[in-house]
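Me: I have a structure open and have not looked at it before. Can you walk me through it?

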Amino acid sequence: IFTGKFVGENTLVRHSHLAQNAQTGVPITDQFGRCSDDLYFATGNMLHPAETGEQCFAEGLLVGKNVANCLAGKLPKAAQIVPIVLKDARLRVVYPAQIALHQAREISLNFRTNAHLCGEIVVRLGEEVIHRQTKNCLAEQGFALKNMRLPEKIAAQIPLNISITANN
């Protein structure tokens, strides 16, 4: 039996010009898998260590389509970037780490936990609550918040804050 906190292999990112999470070394990506330099993409265990091969394969297919769209000039450019901020230490990883706003306003966020959590996950844009969902997760477990709708107008520099309302 092997347990522990897994760390993704991000050596090349750590020594590059790409923006990364200072604590984990994970490259900061948008919902398309696009890094801070929009000619680079990341997916799979580079963003969230210890995920199953099946999950990484599925993500790789989606990001591969985004790379093809980028090369064809069909990937939407971001009108604005919305950073995502975790407000609870029980949440360790979120991907994407930022949202590139464009015409489509529906997003999904994926998480991994540091510790057991049982409570309501609250997603706020500034003071506005845009999503609430009750979760009961074990340590190191992944989960997703899917199909959240962002408002049509978002003021610049307002992050998406993720918190948990109930303590264990």
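This is a predicted model: local features need pLDDT of at least 70, side-chain atom pairs count only at pLDDT 80 or more; totals for chains, interfaces and linings use all residues.

Me: Fine. How much space is in the largest pocket?

Reply: The largest pocket holds about 680 Å³ of space.

Me: Which residues lie nearest its centre?

Reply: Those are Gln 31, Glu 59, Leu 62, Tyr 95 and Asn 110, out of 30 residues that line the largest pocket. Helix 2 (53-71), strand 4 (106-113) and strand 7 (142-149) each supply at least two residues of that lining.

Me: What's the lining of the largest pocket made of, by class?

Reply: It divides into 13 nonpolar, 11 polar and six charged residues.

Me: And the second largest pocket, what volume does that have?

Reply: About 360 Å³. The second largest pocket has 21 lining residues, and Asn 21, Leu 86, Arg 92, Val 94 and Ala 97 lie nearest its centre.

Me: Which strand gives the most to that lining?

Reply: Strand 2 does, with five residues. Strand 1 (80-86) and strand 2 (91-95) each supply at least two. By class, the lining of the second largest pocket has 14 nonpolar, six polar and one charged residues.

Me: Back to helix 2. How far apart are its end C-alpha atoms?

Reply: They are 26 Å apart. At 1.5 Å a residue, the 19 residues of helix 2 should span 27 Å, so the two values agree.

Me: Which residues of helix 2 are buried?

Reply: Cys 56, Glu 59, Val 63 and Asn 66 are the buried ones. They cover an arc of only 85° around the axis, which means they sit on the same side of helix 2.

Me: Why would residues a few places apart end up pointing the same way?

Reply: An α-helix has 3.6 residues a turn, so residues three or four places apart point the same way.

Me: OK. What's on the face of helix 2 turned away from the buried side?

Reply: That face carries the exposed residues Gly 53, Glu 54, Phe 57, Lys 65 and Leu 71.

Me: Is Gly 25 buried or exposed?

Reply: Gly 25 has a relative accessible area of 4%, and buried means under 20%, so it counts as buried.

Me: And Thr 11, buried, partly exposed or exposed?

Reply: Thr 11 lies in helix 1. At 38% relative accessibility, Thr 11 is partly exposed.

Me: Strands now. In which sense do strand 5 and strand 6 pair, parallel or antiparallel?

Reply: Strand 5 (residues 117-125) and strand 6 (residues 128-137) are antiparallel, over nine bridges. Arg 124 stands opposite Val 129 in strand 6.

Me: What's between them?

Reply: Two residues, as strand 5 and strand 6 form a hairpin. Gly 126 in the turn has a positive phi of about 65°.

Me: How many bridges join strand 5 to strand 8?

Reply: Five, and strand 5 and strand 8 (residues 160-164) run antiparallel. Val 122 has Ser 163 in strand 8 as its bridge partner.

Me: What about strand 1 and strand 8, parallel or antiparallel?

Reply: Strand 1 and strand 8 run parallel, joined by three bridges. Ile 84 stands opposite Leu 160 in strand 8. Strand 1 is also joined to strand 3 (residues 98-101) by four bridges, and those two run antiparallel. In that pairing, Gln 80 stands opposite Leu 101.

Me: Now the backbone. Where is the cis peptide bond?

Reply: A cis peptide bond joins Tyr 95 and Pro 96, with omega about 0°. Pro 96 is in the loop between strand 2 and strand 3.

Me: What is the phi of Glu 140?

Reply: Glu 140 has a positive phi of about 70° although it is not a glycine. Glu 140 lies in the loop between strand 6 and strand 7, and it is partly exposed, with a relative accessible area of 23%.

Me: And what about Asn 147, what is its phi?

Reply: The phi of Asn 147 is near 55°, a positive value in a residue other than glycine. Asn 147 is in strand 7. At 51% relative accessibility, Asn 147 counts as exposed.

Notes: Residues are numbered from 1 along each chain as its sequence is written. Side-chain values use heavy atoms; hydrogens and water are left out. On a 1 Å grid over the protein atoms alone, a cavity is a set of points where a 1.4 Å probe fits but cannot get out, and a pocket is an open set with protein on both sides within 12 Å along at least five of seven lines; lining residues have an atom within 4 Å of a point. Grid points are joined across faces, edges and corners, and a volume is the space filled by probe spheres set on the points. Ala, Val, Leu, Ile, Met, Phe, Trp, Tyr, Cys and Pro count as nonpolar, Asp, Glu, Lys and Arg as charged, and the others, Gly among them, as polar. Two strands pair if DSSP finds at least two bridges between them. The expected span of a helix is 1.5 Å times one less than its number of residues. Buried means under 20% relative accessible area, exposed over 50%, partly exposed in between (1.4 Å probe, protein chains only). The arc is that of the directions from the helix axis to the C-beta atoms.
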